[in-house]
Structures are given as C-alpha cells and as structure tokens.
Amino acid sequence: MNAKVDTFLANLKTWQEELTRLRELILDCGLTEDFKWMHPCYTDNGKNVILIHGFKDYCALLFNKGALLSDEKGILVQQTENTQSARQLRFTNLNDIEKQKSVIKSYIFEAIEVEKMGLKVKMKTTSEFETPDELEQIFETNSSFKNAFYKLSEGRQRGYLLHFTKPKQSKTRISRIEKNIKRIIDGYGLNDCTCGLSKRKPNCDGSHKFI
C-alpha cells in the first residue's frame with residue numbers, strides 16, 4: 001500500500017468509502033499500488049493497468065486498455081469520443097460496488113492478462129479524423145490560427161476535430177470554431193484549464209466558475 005494513496009483517500013470529501021473499497025478489490029488482485037496524475041494508479045511490472053478516480057456524479061475504475069477487454073456484461077464506458085484506449089467502470093454508491101465485486105475482479109484479472117500479453121490498442125491517427133470544411137475555410141483566411149492548431153498535440157487536435165464536426169448544421173460548426181480560435185492560438189486544448197485554478201491541471205475541473 002502506498003502512503004500517498006493513504007493521504008489521498010483520507011482527504012477526500014466525496015467517494016471516500018467507495019474508492020477505499022475499490023482499492024481493496026484491486027489490491028486483492030495482486031497489482032502494485034502507485035500514485036500518478038494525482039490519483040491512485042495500479043500497475044503490473046511497471047505497466048499502468050488501472051486508475052481510480054471520482055467525479056461529481058460517479059466514481060470509477062479506469063482501465064488503461066479497456067477497449068481490449070471482452071466486456072461480457074456490457075458495462076464499460078468510453079468517457080469521451082476522443083478516448084480510444086481507456087474505458088471506465090462507473091459506480092454511484094458503495095452498495096453498487098459490493099453487488100458487482102466478483103464482476104469487478106474478473107475485469108481486473110482480464111486487464112492484467114491483456115497487459116501481460118503485451119496487447120496494444122490500434123489507435124486512429126489524427127489524419128483519420130474528419131476535418132470539417134468550415135475549419136479548412138477558416139484556415140485559408142487565418143494562417144496564424146492554422147499554424148497554432150497544428151502545433152497542438154495530436155490528442156488536442158483530435159479533441160477539437162470531434163467537437164467541431166459533431167453539429168449537423170454548418171452555422172453551429174462555424175460558431176464552435178470561432179469560439180475556440182483564441183483558445184487554440186494560446187495553445188490550449190478543448191478541456192484544458194485556462195484560469196490556473198484547477199486542481200486537475202492541465203484538465204479543467206470547473207474551478208473558474210467559482211471565482
């Protein structure tokens with residue numbers, strides 16, 4: 001057991017019992033406990049397998065290569081459209097975890113086997129994501145914006161491309177692009193913290209709403 005995880009759990013204001021129980025189930029499966037990205041992380045021979053974390057409406061196990069699990073129960077969740085490899089098991093209370101503890105362990109053991117076998121998720125490249133015509137048109141008239149967009153990490157580019165292509169109407173796609181031009185020029189991803197207040201930087205946790 002990792003002392004940093006002890007401190008993390010002791011200081012939680014929500015999901016303390018639930019994450020503590022998930023920790024116990026994971027450790028029963030023989031994984032090594034670490035603390036990465038400000039959250040408890042569980043590894044096999046140094047390879048990341050599972051992360052546990054809490055959100056406003058649920059807490060979750062995040063399987064690093066969840067896309068490769070068989071998911072016989074159909075309970076894994078893809079957190080966002082831009083998430084290619086990881087998948088979540090979500091819970092809303094302690095009883096929910098207790099009822100599913102045998103299933104949870106079976107998913108953990110499968111995730112360990114996936115890692116031991118060295119399996120990898122085939123990731124879509126950024127070039128395989130659709131670039132909307134509206135974005136291409138703005139690129140033609142604003143070269144600094146175009147250059148800034150392609151200086152972003154590929155993950156941030158994919159996040160924007162998914163966000164820009166989702167609306168069916170062209171005017172809505174244009175609106176989304178225009179609202180994010182400054183953000184992109186400043187080098188931020190769609191979900192990055194821009195106010196500096198987030199406790200989950202570089203991700204935004206909504207802290208700016210309480211200024």
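**Terms and values**

Tutor: Gladly! Of the 211 residues of the chain, 41% count as buried, where buried means under 20% relative accessible area, exposed over 50% and partly exposed in between, with a 1.4 Å probe and protein chains only. This is a predicted model, in which local features need pLDDT of at least 70, side-chain atom pairs count only at pLDDT 80 or more, and totals for chains, interfaces and linings use all residues. Residues are numbered from 1 along each chain as its sequence is written, and side-chain values use heavy atoms, leaving out hydrogens and water.

Student: Why does Gln157 count as buried?

Tutor: Its relative accessibility is 7%, and the cut-off for buried is under 20%, so Gln157 counts as buried. Gln157 is found in helix α7, residues 154-165. Leaving aside neighbours within four places in sequence, Gln157 is in contact with Thr126, Phe149, Tyr150 and Leu152; contact means heavy atoms within 4.5 Å.

Student: What makes a run of residues a helix or a strand?

Tutor: Both are DSSP runs numbered from the N terminus: helices are H or I with at least four residues, strands are E with at least two. By that rule the chain has 8 helices and 5 strands.

Student: Why are α5 and α6 called oblique to each other?

Tutor: Helix α5 (residues 133-141) and helix α6 (residues 143-151) pack at an angle of about 120°, with their axes 5 Å apart. Angles run from 0 to 180 degrees between N-to-C directions, and axes are lines fitted to C-alpha atoms, for helices over the stretch in contact. Under 35 degrees counts as roughly parallel, over 145 as roughly antiparallel, 65 to 115 as roughly perpendicular and the rest as oblique. The angle of about 120° falls in the rest, and α5 and α6 are therefore oblique.

Student: Which residues of α5 and α6 make the contact?

Tutor: On the α5 side they are Leu135, Ile138, Phe139 and Thr141, and on the α6 side Ser143, Phe145, Lys146, Phe149 and Tyr150.

Student: How do you know that β4 and β5 pair?

Tutor: Two strands pair if DSSP finds at least two bridges between them. Strand β4 (residues 59-63) and β5 have 5 bridges, in the antiparallel sense, so they pair. In one of these bridges, Leu62 has Gln88 of β5 as its partner.

Student: What makes β1 and β5 edge strands?

Tutor: In the open sheet, the order is β1-β2-β3-β4-β5, with antiparallel pairing. The strands β1 (32-36) and β5 (87-91) each pair on one side only.
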